[in-house]
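Please study the sequence and the structure before turning to the solutions.

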Amino acid sequence: MPNPMPPMDVKYGQFIERLQQNQFSLDEKKEFIARLSEHVSMLDASRSDLVAAVLQIDWASEALSPVFVRFIENLVSAHATHSLLVAKMLVGHKKYSFSIDDKLHLALQSLLTLVPTGPSFLVPILASNLPHKSEDVESHVRYTKSLLRIMEYCPALEQEILSIIVESMSDVHLALEDLNEDEIEEIHESVFSMDDIPDSDSDDSDSENGLVVQANFRELIAKLDSLMTIMMQHIQTFASDQKLDDANNLFLCLLEVFEKFVLPTHKIKCVQFLIFLMTTTQQSFPDEFMGFLVTLLLSENTSNVTRVAAACYLGSFIARAKHVSLQSVKKCLNILNRYVQGFVDKNEHLINGKIMDPERYCVFYAAIQAMLYIFCFHWKKLMLQNDVPQSGAFPVELKEFNRVLMSKFQPLTVLSSAIVQEFSKITHDLHIMYCYPLVGNFKPLAGQNSLLERLDTFFPFDPLTLPRSGKFIGQFYNEWDGESEPEETTDIESFKTLSLEETVAMSTSIG
């Protein structure tokens, strides 16, 4: 075996070339690396090519890995300038099997211990080595598990690593959005069955295209479901095994990641359930999450995009989360009611005739829709007083809410038709208010991708239909039962001819 530090001449170049071409036996490599470890002080920047060649050695064997790990520990201790190269080598070892994961993490943990600046330069390396969304499920699963393991021995990187994972999951989800909507709708319910695959009588080209789309869709769903499952297992295990302070730290990290990556992403359908699940692990978390959303919604220094998204998440979370207490539901409704009533008091005088620019008041409309949505899910509990069902008036948390609905802003003409119709039916059945004439035929046109358009299409905590990860949510989730008692039905059309004055009179006499 050559001298561990050959002179920088032709033989030096040939030696590096032999290393790169793997022309040494296992025993030779072991002996050379062991001897090189004793001379790391000489491996300065002028020997960076030798260092790079050594780091390319396949060190997966049981015989070589202890020697190799000792070498890189000595190397970074003597020359921190090589730390970046070593970190890239360790993180980039995707080709190795699970059997050496322990060795990889041991080496990486040693690197982070020996180099104080390790966490700062490791983050971009971890992000750049993310499997592409087109790579197989196993690659995504393995890399995500490795990232979670890094969090265990480097908690300082918890938020950054969670951001990397969520961003990766978002990329997979957005790949689903790239598929044709009609194709997705056609195959969505059969993602995990073969029932809807075109039969042999159909056109061959159409059949082949359909199979390709289904295959792509199934693969993306499998990736997303696998990643969601890993993260939900991590949340549940971590929350049950760790101290309260550690659970609080994870919650706060997820909350920051939610605000940075999830909240601004329109129509994302899965990743938000990570924070949903996290709120089930401590009694205080639901209220903290709702408080966070209310603060964003009411902050005039926050963009309308964020405020509308916060309203959508707030309404959907309170409606769907079983672990939100009735007291918290009432508290949030009371806060929202004060906000929308104050908005009417301050701004209604600006309205003359029809709302020509409803987008201008999008936050106001989003807050009202959140209130309607919450009421549709929780009206049975909200209408109880001393365990006795009440009727004829809104609960105290929504006192004088009818004044908002009958304001010149005409909110019931702007909001989601499905929610408005359900709310109208419930309030009519309970003899609270006749909303049908307020719905009318006028529907302000919202431009494509407008914030108002989101009110019709974005309910972020609609059911999570992924087959594996969805099971983590079931016990904490309110399904829509579609029932509003009493079962008296109402024909909306019969009320549309009433004037606003007649509606006010009817509502006042009933309320």
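**Exercise 1. Confidence and overall make-up**

Task: State the mean pLDDT of the chain and the share of its residues that reach 70 or more.

Solution. The mean pLDDT of the chain is 83, and 80% of its residues reach 70 or more; pLDDT is the predictor's confidence in each residue, from 0 to 100. This is a predicted model, in which local features need pLDDT of at least 70 and side-chain atom pairs count only at pLDDT 80 or more, while totals for chains, interfaces and linings use all residues. Residues are numbered from 1 along each chain as its sequence is written, and side-chain values use heavy atoms, with hydrogens and water left out.

Next, consider the elements. The chain holds 22 helices and 2 strands; helices (H or I, at least four residues) and strands (E, at least two) are DSSP runs, numbered from the N terminus.

Over residues 187-202 pLDDT stays under 50, and the model has 23 contacts beyond four places in sequence for them. Over residues 484-511 pLDDT also stays under 50, and here the model has 49 such contacts. Contact means heavy atoms within 4.5 Å.

Finally, take the chain as a whole. Of its 511 residues, 50% count as buried; buried means under 20% relative accessible area, exposed over 50%, and partly exposed in between (1.4 Å probe, protein chains only). Of the contacts with a separation of 6 or more, 79% are accounted for by residues 24 or more positions apart.

**Exercise 2. The surroundings of His82**

Task: Determine whether His82 is buried or exposed, and list its contacts.

Solution. First, locate the residue: His82 lies in the loop between helix H4 (65-78) and helix H5 (83-91). Its relative accessibility is 5%, so His82 counts as buried. Leaving aside neighbours within four places in sequence, His82 is in contact with Leu43, Asp44, Ser48, Val51 and Leu75. With Leu43 there is a specific approach: the side chain of His82 reaches the backbone oxygen of Leu43 at 2.7 Å.

A further reference point is Ala52, which lies in helix H3 (residues 48-55). The C-alpha atoms of Ala52 and His82 are separated by 9.2 Å, although the two are 30 residues apart along the chain. Ala52 is partly exposed, with a relative accessible area of 25%.

**Exercise 3. Two helices side by side**

Task: What is the relation between the axes of helix H15 and helix H17?

Solution. Two packed helices are described by the angle between their axes and the distance between the axes. The axes of H15 (residues 304-320) and H17 (residues 362-382) come within 8 Å and cross at roughly 5 degrees. That makes H15 roughly parallel to H17. Axes are lines fitted to C-alpha atoms, for helices over the stretch in contact, and angles run from 0 to 180 degrees between N-to-C directions. Angles under 35 degrees count as roughly parallel, over 145 as roughly antiparallel, 65 to 115 as roughly perpendicular and the rest as oblique.

Now examine the residues that meet. The H15 side includes Val308 and Ala311, and the H17 side includes Ala366 and Phe377. The residues of this contact divide into 12 nonpolar, 4 polar and 2 charged. Here Ala, Val, Leu, Ile, Met, Phe, Trp, Tyr, Cys and Pro count as nonpolar, Asp, Glu, Lys and Arg as charged, and the others, Gly among them, as polar.

**Exercise 4. Positions in helices and loops**

Task: Which residues does Val91 touch, not counting residues up to four places away in sequence?

Solution. Val91 lies in helix H5 and touches Leu122, Ile125, Leu126, Asn129 and Tyr143. At 10% relative accessibility, Val91 counts as buried.

Gln20 belongs to helix H1 (residues 10-20) and is partly exposed, with a relative accessible area of 47%. Beyond four places in sequence, Gln20 is in contact with Ala53 and Gln56.

Asn22 is found in the loop between H1 and helix H2 (26-37). Its phi is near 55 degrees, a positive value in a residue other than glycine.

Terms used
A polar contact is a pair of N or O atoms within 3.5 Å; within protein, one must be able to donate a hydrogen and the other to accept it, and residues adjacent in sequence count only if both atoms are side-chain atoms.
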